[in-house]
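This briefing covers a pocket and a helix in one protein model. Look at the sequence and the structure before reading the points below.

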Amino acid sequence: MKNLQATEPYFVRCVNPNMQKSSTIWTESVVEHQLRCGGLVEALKVLKLGYPTRVPYSTLYDRYHGNVNNPLIKNMNPEAFSTALLIAFDVNEEDYELGLTKIFFKPSKAAVLDTIMSQAGKPLTAEQNEKITKYIVGKRCRQLIGTLKAGMMMIKMVRMKRAARQWQQKGRVAAILGGTVMKHLFMARKQIKQRKEKEGAIMMQTYFRSMYERRHYITKIDKVKKSTKMVQIAYQSMKQRQGLQTFLDAQVEKTRADEAAKAAAAAAKPKPEPVATATATATATKSIAGEPKPEVKEAEPELTREERLEIARKEAQAEADRQREEKEKEDERLRKQIEQIKDQQERNSSDAGRLSIKTTEISKEDQKRERAKKAAQNKRDRERADKDARRKLAAQKRKRRNQRYRQNPGDLTDYDTSDDDDDDEYETDP
């Protein structure tokens, strides 16, 4: 009470401590509610910010307005006049705050307010008028620029509103058309991809078939070459056998002709006379010479011409029989030799056939193993290619699922780009 009596308070605020009207009860919630409603919290905030010194606009206006001759300042309202007056006295904007009816100063700037109040009733200097004029001109320029910016913003807002209204009217049609175009493009892209895949498959199939036919054609050509070579070898062997047979027949005929000619010549030649008379004469001569006389054999009886011819005929016949037997033996020997040669050639031919058959079988087995090896390699390549294709398709699928077409304002259509129909084309590996 002493503090209240020592000061000049404008009002006294009373706080009710409880709702029971008791002097011994203190209810915090009731007191807090009264303080908040009375503006004490806001007053404490202002004091906390550091603006304890204050002065009303009307006070400064009344004390300085009568001594101001500058028309720019004289026609101002109290709030603008007070602000211009602070500019004239070089007060920074950080040192005060403008309220609704008062100017609030920081504690350290109370001397500035005292200076301003002490010079009340004196006219402003030319420097102060120039500062005020510069401030007002800058403020008017800033207001003009702000007005232009506001106008431009209003024009922009009007245009945006018009564009939004037009987009609401035409945007849905444009969105539907755009979605239709994108859908057709997607379908065209899919068809092109399918066509290219089909063309690639046909090309690969054509290449595989051509290689398969070429391999079979080469195998067939090799077989034909081997068969032709075997036929040629057999034909040459046959020609050689025929030449040998012709040569042997000619030699046999020649030998027979020579033997027949010899037999005919031997049959036509006369046999010589017996030499018994000469032997007797020689014996007589020797006995006359005084040599001992040997025993004289009886002379053979002289044969007639018919007997001699008969004997020659028998000898020729015996010689012919002997030559025939020799010829037969020679023919038998030559026949056996020819048969041996034929057997050897047949064995050689059969060996060549068996060798060719064995070679063909070996080549077939090699080709079979080579085909199996190539088939396994192709299978591995196809599996690897399928895995790569499945991995790429899975990545594309994830990308399509994460990707959505940007919807236009006003268009509520949901364009789902996920291709669920093609998801089952390639299943992932278990």
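In this predicted model, two helices, helix 8 (126-268) and helix 10 (305-402), each supply at least two residues of the lining of the second largest pocket. Helix 8 also crosses helix 6, a helix that is largely enclosed by the rest of the structure.

**The second largest pocket**

- The space in the second largest pocket comes to about 490 Å³.
- A probe the size of a water molecule, rolled over the atoms, shows where empty space is left.
- The lining includes Met-204, Tyr-207, Phe-208, Met-211, Tyr-212 and Arg-215.
- Arg-371, Lys-374, Ala-375, Asn-378, Asp-381 and Arg-382 also line this pocket.
- By residue type, the lining of the pocket has six nonpolar, one polar and five charged residues.

- Helix 6 spans residues 78-88, and eight of its 11 residues are buried, so the helix is largely enclosed by the rest of the structure.
- Which residues of helix 6 are buried? They are Phe-81, Ser-82, Thr-83, Ala-84, Leu-85, Leu-86, Ile-87 and Ala-88.

**Helix 6 against helix 8**

- Two packed helices are described by the angle between their axes and the distance between the axes.
- For helix 6 and helix 8, the axes come within 8 Å and cross at roughly 125 degrees.
- Because of that angle, helix 6 counts as oblique to helix 8.
- The crossing of helix 6 and helix 8 is right-handed.

Key:
Residues numbered from 1 in each chain as written. Predicted model: local features only at pLDDT ≥ 70, side-chain atom pairs only at ≥ 80, totals over all residues. Heavy atoms only, no water. 1 Å grid on protein atoms, 1.4 Å probe; cavity = no way out; pocket = protein on both sides within 12 Å on 5 of 7 lines; lining within 4 Å. Points joined across faces, edges and corners; volume = space filled by probe spheres on them. Helix = DSSP H or I, 4+ residues; strand = E, 2+ residues; numbered from the N terminus. Nonpolar A, V, L, I, M, F, W, Y, C, P; charged D, E, K, R; others polar. Buried < 20%, exposed > 50% of the residue type's maximum accessible area, 1.4 Å probe, protein only. Axes fitted to C-alpha atoms, helices over the stretch in contact; angles between N-to-C directions. Parallel < 35°, antiparallel > 145°, perpendicular 65-115°, else oblique. Left-handed = near helix turned anticlockwise from the far one by under 90°.
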